[in-house]
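Colleague: I have the model open. Can you walk me through a few spots?

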Amino acid sequence: MNTVLVTGGAGFIGSHLCERLLQKDCRVINIDNFNDYYNPYIKAANVTEALKNIQYTLVKGDIRNNSVLESIFSRFDIDTVIHLAALAGVRKSLSNPVEYIDVDIKGTVSLLEYCRKINVRKFIFASSSSVYGRNPLPFMEDDNVDSQVSPYAVAKRCGELFCKTFNTLYGIPTVCLRFFTVYGPRQRPEMAIHYFTRLIDEGKEVPVFSNGTSSRDYTYIDDIVDGIVAAADLQCGFEIFNLGNSRPTQLDSMIDIIEQKLGKKADRNYLPAQQGDVEYTCADITKAMNVLGFSPRVGIEEGIERFVKWYKSQSIL
Ligand SMILES: NC(=O)c1ccc[n+]([C@@H]2O[C@H](COP(=O)([O-])OP(=O)(O)OC[C@H]3O[C@@H](n4cnc5c(N)ncnc54)[C@H](O)[C@@H]3O)[C@@H](O)[C@H]2O)c1
């Protein structure tokens with residue numbers, strides 16, 4: 001990996017990834033449109049560290065804009081594309097499915113088109129555990145994945161299928177990574193750990209869906225970045241990997257840990273499950289361990305402790 005195009009590099013996962021790639025002496029180009037899915041000032045803060053590095057170029061633009069892609073691919077000798085830009089998040093996809101199709105499917109295909117023209121060495125696609133829908137646990141890469149329960153999840157599955165088809169047609173070495181609920185510093189503000197931490201900190205009521213009994217395979221950001229970098233270095237044709245922690249945590253227990261790390265009690269309001277939610281996730285990571293050497297190191301207690309420390313450092317700024 002020498003020159004890497006990261007899409008969505010101002011977001012939560014992308015900003016951590018760009019910093020890691022710069023540490024590895026890569027030339028990094030980040031294209032991000034700083035959309036207002038959540039406050040764009042947060043994204044501006046996410047890129048401040050990377051902007052100090054002369055090996056980093058920030059392009060404020062949209063992956064659906066052909067002239068922006070044209071200028072990036074003609075200006076830089078890109079060998080690897082790591083495609084994270086998306087409308088991420090299940091719930092908003094229920095009220096706005098068309099926009100999800102536009103960004104998450106059409107945007108992905110536009111990018112694949114450029115990648116085939118310049119023969120990139122590797123294409124990495126950020127997929128999601130949501131493609132498994134309500135399959136039995138643990139989720140495995142070769143499970144049947146034809147029953148998603150949200151427009152977001154279907155869009156991610158379509159992205160995977162386009163990746164596979166472009167690999168078949170044009171031979172682009174491609175890896176689809178199915179991330180399992182990623183958390184850590186800079187986590188998107190609407191995601192559960194971040195959202196609950198803020199509500200508890202501010203003494204507000206915490207909506208506990210599925211009566212607190214759902215469970216998620218929360219995966220720490222540094223472990224996810226390890227997996228992405230390993231996938232970028234892998235010699236392959238087309239592969240799909242789960243990147244998860246493989247140790248699910250119940251919603252109620254997750255809130256217990258936040259309370260303990262924050263030193264404040266939650267005012268819990270127990271509610272039924274929400275439409276579009278998958279109540280249980282757990283990754284089988286055998287394939288990622290064997291092929292990528294993936295080995296998640298940060299457990300939920302330590303991960304939430306690190307998150308809360310970061311959260312507190314933000315609130316005093
Ligand atoms: N965070 C998770 O738990 C998780 C789980 C599974 C999959 N994923 C996937 O990982 C990727 C990154 O997720 P995240 O949590 O960092 O989300 P994020 O919203 O923080 O980052 C996505 C970035 O993409 C940018 N973007 C969106 N549309 C764009 C467009 N048309 N052109 C250019 N930039 C655009 C946004 O401005 C944002 O900065 C997404 O593809 C998401 O679906 C995330």
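Colleague: At what angle do H6 and H7 pack, and how far apart are their axes?

Modeller: The model is predicted, with local features needing pLDDT of at least 70 and side-chain atom pairs pLDDT 80 or more, while totals for chains, interfaces and linings use all residues. Numbering starts from 1 along each chain as its sequence is written, and side-chain values use heavy atoms, without hydrogens and water. Helix H6 (residues 97–118) packs against helix H7 (residues 151–170) at about 15°, with the axes 9 Å apart. H6 is therefore roughly parallel to H7 (angles under 35 degrees count as that).

Colleague: Which residues in H6 meet H7?

Modeller: Pro97, Tyr100, Asp104, Ile105, Thr108, Val109, Leu112, Glu113 and Arg116. On the H7 side, the residues include Tyr152, Phe162, Phe166 and Tyr170. Contact means heavy atoms within 4.5 Å.

Colleague: How do the residues of that contact divide into nonpolar, polar and charged?

Modeller: Into 13 nonpolar, two polar and four charged. Tyr and Cys count as nonpolar here, and Gly as polar.

Colleague: Other topic. Is Asn30 buried or exposed?

Modeller: Asn30 is buried, at a relative accessible area of 0% (buried means under 20%, with a 1.4 Å probe and protein chains only). Asn30 sits in strand S2 (residues 27–32).

Colleague: What does the side chain of Asn30 make a polar contact with?

Modeller: The side chain of Tyr56, at 2.9 Å. A polar contact is a pair of N or O atoms within 3.5 Å, one able to donate a hydrogen and the other to accept it.

Terms used
Axes fitted to C-alpha atoms, helices over the stretch in contact; angles between N-to-C directions. Helix = DSSP H or I, 4+ residues; strand = E, 2+ residues; numbered from the N terminus. Parallel < 35°, antiparallel > 145°, perpendicular 65-115°, else oblique. Buried < 20%, exposed > 50% of the residue type's maximum accessible area, 1.4 Å probe, protein only.
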